[in-house]
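Subject: Handover of a structure

Dear colleague,

Please find below the structure that I am handing over to you. My findings follow it.

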Amino acid sequence: KKRIFGSFARWVLKHANAVTACSPDLQEQAIQLSNRDVTLTEYGVDVNLFSPGGERQQGTVLAVGRLVFKKGFVELLHAFSQIFKYYKNNTIEIVGDGPLLEPLREKAAQLGISERVKLPGGAQHSDLPALYRRAEIVAVP
């Protein structure tokens, strides 16, 4: 967005031996900046590690990610507040760290759902498979 950074990024991309991107959006941006081929290598998942199994906690919604606005966690809390009207025993756990941690706590209080919202902060990658297995629903806003 800033001219100096765009110029630097353009120079780096043009002089790199190879360029990869982890999402179609980033791939398109890199192509536009460099006018060259950019290989898409999307995030992979170890299906042996992240597979169904164990006992799920009924009514548990899980979301995991960096707590920044563009990830949609504010909208997820709004959606959960609507579901909560009908399913009072459901809980939502948003695992991650970032600048929205405290604002999300405040938003949950404002929406009247604090008692059903868990915001434990960040987690180690090794803890994630168990969290996913435990959840009944995984939300990816």
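The model is a predicted one. I begin with the lining of the largest pocket, which by class has 15 nonpolar, 5 polar and 5 charged residues. In total, 25 residues line this pocket, and those nearest its centre are Tyr43, Val64, Gly65, Lys71 and Val140. Two or more lining residues come from each of helix 2 (24-34), strand 3 (57-64) and helix 5 (128-134). Helix 2 provides the largest share, with 3 residues. The space in the largest pocket amounts to about 920 Å³.

I turn next to strands 4 and 5. Strand 4 (residues 91-95) and strand 5 run parallel and are joined by 3 bridges. Val95 has Gly121 in strand 5 as its bridge partner. Between strand 4 and strand 5 the chain passes through helix 4 (residues 101-111), and this β-α-β crossover is right-handed.

The side chains of strand 5 (residues 117-121) alternate along the strand.

Finally, I would draw your attention to Glu93, which lies in strand 4. Glu93 counts as buried because its relative accessibility is 10%, and the cut-off for buried is under 20%. Apart from neighbours within four places in sequence, Glu93 is in contact with Val61, Leu62, Ala63, Lys118, Pro120, Leu131 and Arg134.

Yours sincerely

Note on methods. Residues are numbered from 1 along each chain as its sequence is written. This is a predicted model: local features need pLDDT of at least 70, side-chain atom pairs count only at pLDDT 80 or more; totals for chains, interfaces and linings use all residues. Side-chain values use heavy atoms; hydrogens and water are left out. On a 1 Å grid over the protein atoms alone, a cavity is a set of points where a 1.4 Å probe fits but cannot get out, and a pocket is an open set with protein on both sides within 12 Å along at least five of seven lines; lining residues have an atom within 4 Å of a point. Grid points are joined across faces, edges and corners, and a volume is the space filled by probe spheres set on the points. Helices (H or I, at least four residues) and strands (E, at least two) are DSSP runs, numbered from the N terminus. Ala, Val, Leu, Ile, Met, Phe, Trp, Tyr, Cys and Pro count as nonpolar, Asp, Glu, Lys and Arg as charged, and the others, Gly among them, as polar. Buried means under 20% relative accessible area, exposed over 50%, partly exposed in between (1.4 Å probe, protein chains only). Two strands pair if DSSP finds at least two bridges between them. A crossover is right-handed if, with the strands pointing away from the viewer, the path from the first strand over the helix to the second runs clockwise. Contact means heavy atoms within 4.5 Å.
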